[in-house]
Every structure is written in C-alpha cells, then in structure tokens.
Amino acid sequence: MTIERAGHFLVDVDLAGRVSVGIETDQLLACVQEAKNKKADGVFGSPSFGFMQDNLDFLSELPKLTKIWFWDVRLRDVTGVYELSALKHFGIHPKRPGIDFGRLRAIEELVWEFNEKDSGLEALSELKMLHIWHFKPKSESFAGLSVSTSVKQLHINWANPRSLDGLPALPSLQRLEIHHCRNLETVDALVDIAPNIEHLVVSACGKISGADAIIKKLPKLKHAYVQNKLLVSSEIA
C-alpha cells in the first residue's frame with residue numbers, strides 16, 4: 001500500500017487504480033462521506049493511521065465497496081461486513097469474532113489470517129487468490145481446512161503443518177507459494193491436490209525434502225523454485 005494524505009483524508013491507490021479511503025476514528029463520519037464522494041472502491045484502517053473502532057458498523061453506509069483492509073486491529077463486532085454484497089477483495093486482522101464467508105459470495109481475493117471460528121471458505125465460488133497467514137492448529141495439519149475449488153493462486157505463510165495432507169483437491173490451482181512454514185517436510189500431496197499446477201515457490205521451509213522427485217510427477221509445471229534452488233524453468237514466472 002502507498003498511503004498518502006490528500007487534503008484532510010488518507011488515500012491509497014493500488015496498482016489496478018482502485019481508490020481506497022482511510023477510516024480515522026476522530027473524523028469517522030467525514031471519512032465515510034469522503035469515501036462516498038470519491039466513489040471509492042475500498043476503505044482501510046489501522047491504529048497507526050488513526051483507526052480505533054472496535055466494530056465495522058459504518059460499512060453499512062458504504063454498501064458498494066469492493067475492497068476492505070483492516071490490520072493490527074482488535075474488533076468486537078464484524079457484522080458490518082455482511083452489508084457488502086459486492087465485496088471482492090478482503091483482509092481483516094484475526095483478533096475478531098468469526099466470519100461466515102458463505103455470506104460474502106463475491107470475494108475474489110482473500111487475505112485470511114487464521115481464525116478457527118471462521119467458516120464458509122469453501123462456498124466462495126468466485127475466489128481466485130487466497131493468502132493464508134498463521135494457520136497453526138494444534139493438529140499441525142491442514143485436515144479440516146475447507147477451501148473453494150475455484151482457487152487459482154494459493155499463498156501459505158507461517159503455517160505449522162508438516163505436509164500438505166488434508167488440503168482439499170484444487171483442480172484449478174495454477175500457482176502455489178509457501179513461505180516460512182518451518183515444520184513443512186514434504187509437498188508429496190501436490191500430485192493429488194493440484195495436478196494442474198504450473199508455478200511452485202517454497203522458501204524458508206528448512207525441513208523440506210524430496211521436492212525433486214515430486215515435480216517430475218506434475219506434467220504442467222513450468223516453474224519450480226524450492227529452498228533457493230531452481231528446479232524447473234521453462235519460462236519467466
């Protein structure tokens with residue numbers, strides 16, 4: 001994000017040209033009105049940028065938003081998100097009540113910091129890109145994790161499972177990136193989970209082994225970079 005103050009308000013314009021307005025508690029109503037005036041695509045907030053709310057009720061005033069991003073926040077009530085039927089790009093810190101993503105069916109890109117009370121990820125039929133952060137269940141396994149089969153890009157960061165076993169079959173998956181998963185020992189399950197994968201990147205996963213053998217069983221793989229070693233490169237990824 002490149003956040004700048006334009007007049008009295010914080011604004012971010014992403015690479016796709018989408019405009020987001022920062023929500024500041026000290027001028028909450030004015031920020032909401034500015035988002036309306038600018039016909040903003042999204043809103044964002046963080047304590048470091050003046051967001052001190054413990055709820056998202058104000059979102060009901062902005063039902064056409066397609067993008068929200070709130071980080072380093074502790075929320076008591078998140079029901080305001082259910083007013084956003086057009087929401088496509090979602091990111092909220094995990095210190096919050098659970099969210100039923102099945103009520104947000106338009107989501108295409110989800111930055112999901114693990115909250116065991118969340119549900120409905122498998123119902124996101126439009127989901128194309130999923131970022132999973134800090135998935136650390138006591139089982140140290142992906143067993144029970146439900147993900148929409150529509151996902152084309154999956155990024156897993158700081159997770160504790162030892163293998164990819166338990167992930168559902170993802171026939172549409174084209175790109176998988178795994179970073180800082182220090183328990184991860186193998187990606188053998190990719191053969192069954194993602195037979196159509198084209199790009200694989202694994203970094204900062206010091207226990208992983210056997211990747212050379214597995215990639216030979218993935219006929220559509222064009223690029224594989226595992227632990228500082230380029231294993232497959234048929235094009236620029």
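K38 is partly exposed in this predicted model, with a relative accessible area of 39%. Its side chain meets that of E34 in a salt bridge, with 3.6 Å from N to O.

## Salt bridges

Side chains of opposite charge can pair when their charged atoms come close. In this structure the count of such salt bridges comes to twelve. Three of them are set out in the table.

| Salt bridge | N to O distance |
|---|---|
| D14 and K67 | 2.9 Å |
| R76 and D54 | 3.1 Å |
| E34 and K38 | 3.6 Å |

The salt bridge between D14 and K67, whose closest N and O atoms are 2.9 Å apart, links distant parts of the chain. D14 belongs to the loop between strand 2 (9–13) and strand 3 (19–22), while K67 lies in strand 5 (residues 67–70). The two residues are 53 residues apart. D14 is buried, with a relative accessible area of 16%, and K67 also counts as buried, at 17% relative accessibility. The pair is part of a network of salt bridges in which D14, R18 and K67 are linked.

The side chains of R76 and D54 also meet in a salt bridge, at 3.1 Å from N to O. This pair, too, links distant parts of the chain, its members being 22 residues apart. R76 is found in the loop between strand 5 and strand 6 (89–92), and D54 in the loop between strand 4 (42–45) and strand 5. Here neither residue is buried: R76 counts as exposed, at 54% relative accessibility, and D54 as partly exposed, at 31%.

## The nonpolar core

The largest nonpolar core has 71 residues. Helix 1 (residues 28–37) gives the most to this core, with four residues. Within the core, the residues with the most contacts are I68, F90 and L164.

Which residues does I68 touch, when residues up to four places away in sequence are not counted? They are V43, L59, V81, L84, L87, H89, F90, G91 and I92.

L56 and I68 are twelve residues apart in sequence and 11 Å apart in space, from C-alpha to C-alpha. When neighbours within four places in sequence are left aside, L56 is in contact with F51, F70, L75, D77, V78, G80, V81 and I92.

## Aromatic rings

A search of the whole structure finds eleven aromatic pairs. In one of them, the rings of W69 and W71 have their centres 6.1 Å apart and their planes at 25°, so the pair is stacked. W69 is partly exposed, with a relative accessible area of 24%, whereas W71 is buried, at 17%.

F135 and F142 form another stacked pair, at 5.3 Å from centre to centre and with 5° between the planes. Both of these phenylalanines, F135 and F142, are buried.

Ring pairs also build a cluster, which joins F44, F49, W69 and W71. A charged residue meets a ring elsewhere: R103 lies over the face of Y82, at 3.7 Å from the ring centre.

## Cysteines

How many disulfides does the structure hold? The count comes to zero. C205 is accordingly in no disulfide, the nearest cysteine sulfur being that of C181. Both cysteines are shielded by the rest of the protein in the sense of being buried: C181 has a relative accessible area of 3%, and C205 has one of 0%.

How values were computed:
Residues are numbered from 1 along each chain as its sequence is written. This is a predicted model: local features need pLDDT of at least 70, side-chain atom pairs count only at pLDDT 80 or more; totals for chains, interfaces and linings use all residues. Side-chain values use heavy atoms; hydrogens and water are left out. A nonpolar core is a set of buried Ala, Val, Leu, Ile, Met, Phe, Trp, Tyr and Cys residues joined through side-chain atoms within 4.5 Å. Buried means under 20% relative accessible area, exposed over 50%, partly exposed in between (1.4 Å probe, protein chains only). Contact means heavy atoms within 4.5 Å. A salt bridge is a side-chain nitrogen of Lys or Arg within 4 Å of a carboxyl oxygen of Asp or Glu. A disulfide is a pair of cysteine sulfur atoms within 2.5 Å. Rings of Phe, Tyr and Trp (its six-membered ring) pair if their centres lie within 6.5 Å; planes under 30 degrees apart count as stacked, over 60 as edge-to-face and the rest as tilted. A charge sits over a ring if NZ of Lys or CZ of Arg is within 6 Å of the ring centre and within 35 degrees of the ring normal.
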